[in-house]
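The exercises below ask you to read chain contacts, domains and strand pairing from a model. Work through each task with the sequence and structure at hand before turning to its solution.

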Amino acid sequence: MLSAADLGALWLTLKLATTVTLLLFMLGTPVAWWLARSRSRWRHPVSALVALPLVLPPTVLGFYLLVAFGPHGPIGVLTQSLGIGLLSFTFPGLVIASMLYSMPFVIQPLRNAFEAIGERPLEVAATLRAGPLDRFFSVALPLSRRGFVTAGVLGFAHTVGEFGVVLMIGGNIPQSTRVVSVQIFDHVEALQYGQAHALAGGLMVFSFLVLLAVYGSQPRLRSF
Amino acid sequence: MGDTIRIRLPLRHAGFTLDLDLSLPPRGISALYGPSGSGKTSCLRALAGLDRVANGYIAMGDEVWQDESRQLFVPTHQRAIGYVFQEPSLFAHLSVRGNLDFGHRRAGRPSTVDTQAIVGMLGIGALLDRRADALSGGERQRVAIARALMSRPRLLLLDEPLAALDSARKAEILPYLARLHDTLAVPAIYVSHALEEVAQLADYLVLLGDDQQVHSGPLPPMLARLDLAAAFSDDPGVVIATTVAAHDDTDHLSRLDFSGGQLFVARRPEPVGHALRYRIHARDVSLTRVQPEATSILNVLRADVTGMTLTDTPAYLLVRLQAGDTALLARISRRSWQGLKLAPGVKVWVQIKSAALLG
Amino acid sequence: MSCRLFKFLLLPIILALTTLPASAGSITIAAAADLKFAMDNITATFRKAHPDDSVKVIYGSSGKFYTQIRQGAPFDLFFSADIGYPKKLARAGLTASTPRAYALGRIVLWSAEVDASKLSLEDLVKPSFDRIAVANPQHAPYGERAVEALKSSGVWNQVKGKLVYGENIGQTAQFVRTGNARIGIIALSLALNPAFASRGGYATIPTRLYKPLIQGFVITRHAADNPLAKTFAKFIDSASAQAIFKHYGFARIPAGTAP
């Protein structure tokens with residue numbers, strides 16, 4: 001039912017979403033932590049910046065990335081001087097674009113979770129000899145694991161559903177930037193409705209099952 | 001151990017100024033007593049390093065925790081303290097055992113900490129495998145105290161640990177705290193605005209008044225000071241340290257000796273020589289000019305009137321008395337004061353209706 | 001997402017509302033992306049002669065418009081980059097006129113980074129051209145012709161790994177314009193435009209290398225009762241409209257190729 005190209009697009013999409021989610025966990029967690037706890041005057045500008053992809057159409061992000069990735073753009077100049085060429089139409093370029101695009105969906109739940117912990121458990125941990133990093137890993141992380149699940153699911157799902165940005169900087173290259181959403185779009189444009197249905201339907205069932213698994217595995221919020 | 005705790009904290013909040021300069025004894029429980037907003041918790045948080053008070057100085061013996069003149073500030077996790085917060089603050093993601101082990105492990109699981117004894121003393125042996133959120137408020141607070149003790153603190157800080165509990169829970173925990181007082185070598189600072197808890201637990205009292213004045217000293221003489229009577233006006237009275245001297249099994253009485261005389265109480269189970277603390281409320285003390293002969297009152301002492309102060313209620317006065325080395329307070333009516341022609345220096349007989357055992 | 005939602009759901013609704021017959025006439029034209037500059041000029045000229053009428057143009061890939069019209073999008077005229085799509089619509093009974101050719105499209109090799117005027121398709125095998133932008137051949141006629149030309153010139157196997165695909169010919173030109181692709185195959189009509197012509201240079205690709213790109217248009221069934229649509233269709237045959245097409249690099253239909 002699914003062609004090799006469709007399977008390739010599916011696999012690429014999963015690879016992209018997984019990579020993006022993991023990278024966003026690594027980079028987004030410190031940002032979310034800082035946003036949740038800092039009283040710096042830079043907190044609000046940074047919050048606004050992080051939330052920007054929520055309100056901007058993907059085309060804005062795609063357009064700026066296309067210009068920035070280009071040979072005369074700031075990122076393009078940098079990547080060329082590093083000898084890695086241009087990021088547009090490449091998988092790493094797609095990863096960076098998707099990270100920007102999905103950033104608020106990971107950082108915001110993490111930030112909420114960190115804020116919900118409050119100061120007290122961390123103070124308690126400090127009085128019990130736990131240093132700052134220790135406090136983060138032994139108290140903040142386990143207490144905010146629901147936030148991590150939410151952030152992971154949203155970041156992953158949002159990356160899978162990404163279309164506009166990919167279309168603008170992806171170049172639709174098989175195995176590299178042709179993700180499922182683009183593949184479905186192409187099928188529709190090329191009037192291959194059968195294949196479009198197979199892929200779109202499959203994606204819908206997959207997404208539903210992932211969300212079902214996540215909701216099913218979450219214990220009810222305890223009243224404590 | 002055995003090092004004086006030095007605290008110099010210029011506390012400044014909006015509309016609030018308090019210059020704390022305290023030297024607390026290296027053993028026993030020191031109470032920080034005062035109304036809400038008097039700076040008690042601020043002081044405790046500064047001691048723990050949870051807040052950094054500008055120009056503060058804090059030292060535990062020769063170990064300096066904060067000295068702003070040297071830009072020195074030891075972070076909380078490097079201070080050997082145990083802290084019990086007002087509301088039970090167990091880690092929700094850990095079992096009781098996990099909570100207890102949290103600080104114990106980070107202190108290096110010292111062999112000098114007898115975890116069994118701590119668990120036994122606080123009566124939490126049956127709770128070890130429970131989830132933290134499956135405990136009652138009182139149980140949680142007992143676990144929190146045990147958790148603090150297991151991290152082998154050099155100083156135990158208790159921030160109104162009973163305030164968030166109802167009176168039944170308070171009554172449940174107070175005996176554990178009293179036991180703590182008797183068995184622990186670790187000095188503790190106990191923040192409270194409940195005179196009953198302070199009288200029961202504290203050896204040393206720091207009084208933070210409404211007037212942003214600070215008075216401190218050993219608990220018994222502090223409670224007997226007339227100039228501080230306003231701070232204790234809820235329930236004036238003294239605390240006396242006694243020793244079990246003899247038992248009378250015929251009348252089922254025990255005789256307790258203290259420096260001002262003797263006290264007879266209902267038969268105590270403690271052996272002769274055992275120390276007991278008693279609180280004598282001023283309302284339970286009456287005075288006579290002549291020796292009462294036909295009276296049901298068991299405890300009658302000879303004492304000198306050393307002072308008098310007015311109380312909130314115009315009909316009553318608070319009289320300070322000295323019996324040997326022990327000071328007592330009596331609440332009598334203004335009319336009695338005039339009728340008995342009482343004045344400082346007058347010798348009186350003191351009748352004690354009852355004494356409340358503490359701890 | 002919201003962007004697509006807008007395009008596919010809201011936009012047609014808004015268009016349907018705004019194209020309700022008023023006292024004056026009103027038409028909405030779906031035009032292939034390569035027509036961007038030519039059609040802007042043509043409609044401007046048309047508006048001068050019909051100041052009370054409303055003419056709106058939407059640009060995109062021909063394949064997409066075909067799909068949208070099949071789904072009932074309220075376009076009155078459809079100017080495709082390839083007459084094949086209007087013909088398919090006609091066979092499906094979704095048109096109100098016979099599909100007619102209006103111009104011949106040409107493809108060119110264009111770069112914003114280097115002067116491509118001296119280059120031919122054979123030069124694309126050079127390593128310095130690491131990415132070659134073409135329109136998606138699956139649904140963009142210009143992309144289909146670009147691939148044909150690459151195959152006919154015998155370089156297909158060497159260059160196919162270097163191709164990046166624009167959703168339509170306009171986006172393909174943007175890939176090249178921003179330098180993300182050093183070179184690309186785009187419509188002559190776009191390469192002639194000052195916005196693109198100011199950079200680099202272009203070389204026309206010999207027409208023998210690809211099937212003629214006969215651009216055709218049709219009045220959709222939606223405009224069956226819209227006299228302005230017929231007026232506009234007639235205007236396309238006029239000398240002034242044909243001159244504009246020519247100016248923007250479209251060739252006249254040679255006799256015999258017209259349907």
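**Exercise 1: Contacts between chains**

Of the two pairs of chains that touch, the pair with the most contacts is A and C, where two residues are in contact if their C-beta atoms, placed from the backbone, lie within 7 Å. This is a predicted model, in which local features need pLDDT of at least 70 and side-chain atom pairs count only at pLDDT 80 or more, while totals for chains, interfaces and linings use all residues. Residues are numbered from 1 along each chain as its sequence is written, and chains are lettered from A and ligands numbered from 1 in the order in which they are written.

Task: describe the side of chain C that touches chain A.

Solution. Begin with the totals: 20 residues of chain C are in contact with 24 residues of chain A. Finally, turn to chain B and chain C, which no contact joins and whose closest C-alpha atoms lie 38 Å apart.

**Exercise 2: Domains of chain C**

Task: state which domains are assigned in chain C and which elements of domain 1 of chain C touch domain 2 of chain C.

Solution. The assignment, automatic or from a database, gives domain 1 (25-104 + 212-247) and domain 2 (106-209) of chain C. Their contact takes 16 residues from domain 1 of chain C and 15 residues from domain 2 of chain C. On the domain 1 side, two or more residues come from each of helix H2 (36-49), strand S2 (54-60) and H3 of chain C, with the largest share, three residues, from H2(C).

**Exercise 3: The sheet of chain B**

Task: give the strand order of the open sheet of chain B and name its edge strands.

Solution. The five strands run in the order S2-S1-S4-S5-S6 (chain B) with antiparallel pairing, two strands being paired if DSSP finds at least two bridges between them. The edge strands, each pairing on one side only, are strand S2 (16-24) and strand S6 (72-73) of chain B.

Definitions and conventions: Helix = DSSP H or I, 4+ residues; strand = E, 2+ residues; numbered from the N terminus.
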